[in-house]
Amino acid sequence: MPASTARRGALALLLAALVLFVLGSLEMARGATHAVAIADFAFAPATLTITAGDTVTWTNEDAVAHTATGTTAGFDSGLLDQGESFSLTFTTPGTYDYLCTPHPSMTGQLVVLAAASAPTPAPGGGQVPDVAMPAQPRGISLLGLGLALAAVGLLVGLRVRRRAAG
Ligand code: CU
């Protein structure tokens, strides 16, 4: 193929890589998203540990309408019909108890950890603390794809230059 076409292809690959990098960084800055199902008159999981900046999405799977309503902190999903969702991003570390307003025996708890906190080894060593794994941020895979595309683009670009020189 003509060198100019190959060069344009390499440039397109590098541009695509750049776009993926930017998208990936944005995704990572946004934090992970955690799903809580409302099913059979219960929140699942009933207790969820997340990191500040993460988003929680409650989805009602019951035929009966439910809410996710903070008992101390002021958040309220309002009545969610079957299939409806409510999302909230938690930026302040702390423990948030919540319940379903029509069915107060339905309770749940969110533990929001500070964003920078790394899991510390349990005292006495050896045991890994039982920390909920955050959902794999999509940003990491986008960054990886961007890296791969950049590598391919560079290789194609180098081959084009070598052919033009020789
Ligand atoms: Cu309910």
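**The core and its surroundings**

Modeller: Of the contacts in the chain with a separation of 6 or more, 60% are between residues 24 or more positions apart. Two residues are in contact if their C-beta atoms, placed from the backbone, lie within 7 Å. This is a predicted model: local features need pLDDT of at least 70, side-chain atom pairs count only at pLDDT 80 or more, and totals for chains, interfaces and linings use all residues. Residues are numbered from 1 along each chain as its sequence is written.

Start with the layout. The chain has two helices and eight strands, in the order α-β-β-β-β-β-β-β-β-α. Both kinds of element are DSSP runs numbered from the N terminus: helices are H or I with at least four residues, strands are E with at least two. Of the 166 residues, 21% are buried. Buried means 20 or more other C-beta atoms within 10 Å of the residue's own; exposed means 12 or fewer; partly exposed is in between, again with C-beta atoms placed from the backbone.

Now the core. The largest nonpolar core holds 15 residues. By definition, such a core is a set of buried Ala, Val, Leu, Ile, Met, Phe, Trp, Tyr and Cys residues joined through C-beta atoms within 7 Å. Ile50, Val56, Trp58, Phe90, Leu110 and Val112 have the most contacts inside this one. At least two core residues come from each of strands E1 (33–39), E4 (54–60), E7 (94–99) and E8 (107–113). In soluble globular proteins, nonpolar side chains tend to be buried together.

Take Val112 as an example. Beyond its neighbours within four places in sequence, Val112 is in contact with Ile50, Ala52, Phe90, Thr92, Pro93, Gly94 and Tyr96.

Next, the loops. Asp40 sits between E1 and E2. Asp40 has a positive phi of about 50°, though it is not a glycine. The residue is exposed, with 9 other C-beta atoms within 10 Å. Phe41 lies in the loop between E1 and E2 too, and its phi is positive, near 60°. Phe41 is also exposed, because it has 12 other C-beta atoms within 10 Å.

A cis peptide bond, with omega about 0°, joins Ala44 to Pro45. Pro45 is in the loop between strand E2 (42–44) and strand E3 (47–51).

Finally, a helix residue. Arg7 belongs to helix H1 (residues 3–30). Arg7 counts as partly exposed because it has 15 C-beta neighbours inside 10 Å. Arg7 and Arg161 are 154 residues apart in sequence, yet 8.5 Å apart in space, C-alpha to C-alpha.
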